[in-house]
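Subject: Structure handover

Hi,

Here is the structure you asked about. My notes follow below it.

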Amino acid sequence: MTTSTNGKFDRTPLIAGNWKMNMDHVQGITLLQKLAWTLSDARHDYSRTEVAVFPPFTDLRGTQTLVRGDDLKIVYGGQDLSQFDSGAYTGDISGQFLAKLGCSYVLVGHSERRTIHGESDELLNAKVKAAYRHSLVPVLCVGEGLEVRQAGNHVAHTLEQVRADLAGLAADDAARLVIAYEPVWAIGTGEVAGPLDAQEMCAAIRAEIADLYDDATAAGVRLLYGGSVKAANAASILKERDVDGLLVGGASLDAAEFANIVRFEHHLVTD
Ligand SMILES: O=C(CO)COP(=O)(O)O
């Protein structure tokens, strides 16, 4: 388990930016440079809050070069990976290639992959395992659509995804996992789940991990919230006990806004 020096946090908070299909490799470098400068000006302490970006595949080589060249503390990952390691899989990207480009993380099962690309839990389970084969930490995305939420089945639905996507995963791998709760109805809609919604789900996921494995494993897993996060709502969500970080879409494309989210601690009201 990672430990944090932050007051409420037992785990080092992770603020992650998912650029989705935005930013070509030239724009991506400019954005990353701006983010690094802004955080450096603000003397951001990366050991207190980890910062990750998920650029498109075509930006990853440039990202690696910049991170290495400037010795940046920002870490990065791919937005998806193949369940296979190599072979005749046109258009797919192996976890091995991501690892070679210095990726630490990989998104698995983002709702846009589940819906637009029809990715099943069986496939996502294979992708989670592929990530670990290449020493990448999966950021497994789970969450319900609007109809499921309105029917009140959101917790059962999301836990079902967690169980299916983690089936057969060893406890020491599970302990390093990151799970992002991203209610589909809150993604890109401006509709943000309330802090208590985020806490309810993150607590349920942690309890499920404890059931599947044990308390120590559950205590190590970092749980993020994603869906219309902005600097203005970040701190209130992160105040919740089981929320260990944020997965940010649109707002991560603006270096100043994203840096403000990363610096959420400065907006935390200490009580
Ligand atoms: O899908 C998301 C991050 O993976 C959330 O996107 P938005 O922050 O744009 O709502």
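First, a term: a residue is buried if 20 or more other C-beta atoms lie within 10 Å of its own, exposed if 12 or fewer, and partly exposed in between, with C-beta atoms placed from the backbone. This is a predicted model: local features need pLDDT of at least 70, side-chain atom pairs count only at pLDDT 80 or more, and totals for chains, interfaces and linings use all residues. Residues are numbered from 1 along each chain as its sequence is written.

Overall fold

The protein chain has 12 helices and eight strands. Helices (H or I, at least four residues) and strands (E, at least two) are DSSP runs, numbered from the N terminus. Buried residues make up 45% of the 271.

Active site

UniProt lists His110 and Glu182 under "active site", in an unreviewed entry. They span 73 residues in sequence, yet no two of their C-alpha atoms are more than 8.3 Å apart, so they gather at one spot. UniProt positions are in the numbering used here, feature names are shortened, and annotations may be inferred rather than shown by experiment.

His110 sits in the loop between strand E4 (105–108) and helix H4 (111–116). Glu182 is in the loop between E6 and H9. Why does Glu182 count as buried? Because it has 28 C-beta neighbours inside 10 Å. His110 is buried too, with 28 such neighbours.

Now contacts: two residues are in contact if their C-beta atoms, placed from the backbone, lie within 7 Å. Leaving aside neighbours within four places in sequence, His110 is in contact with Gln79 and Cys141. On that basis Glu182 touches Ser111, Cys141, Gly143, Ile187, Gly226, Gly227 and Leu247.

Lys20 is in the loop between strand E1 (14–18) and helix H1 (25–41). Lys20 is partly exposed, with 19 other C-beta atoms within 10 Å. Ser228 is in the loop between strand E7 (222–226) and helix H11 (231–238). Ser228 counts as buried, with 20 C-beta neighbours inside 10 Å.

Ile187 lies in the loop between strand E6 (178–181) and helix H9 (195–212). Ile187 and Ser228 are 41 residues apart in sequence and 5.7 Å apart in space, C-alpha to C-alpha.

Helix H12

In H12 (residues 255–262), Phe258, Ala259, Asn260, Ile261 and Val262 are buried. The buried residues of H12 pack against E1, H1, strand E2 (50–54), H11 and strand E8 (245–248).

Best wishes
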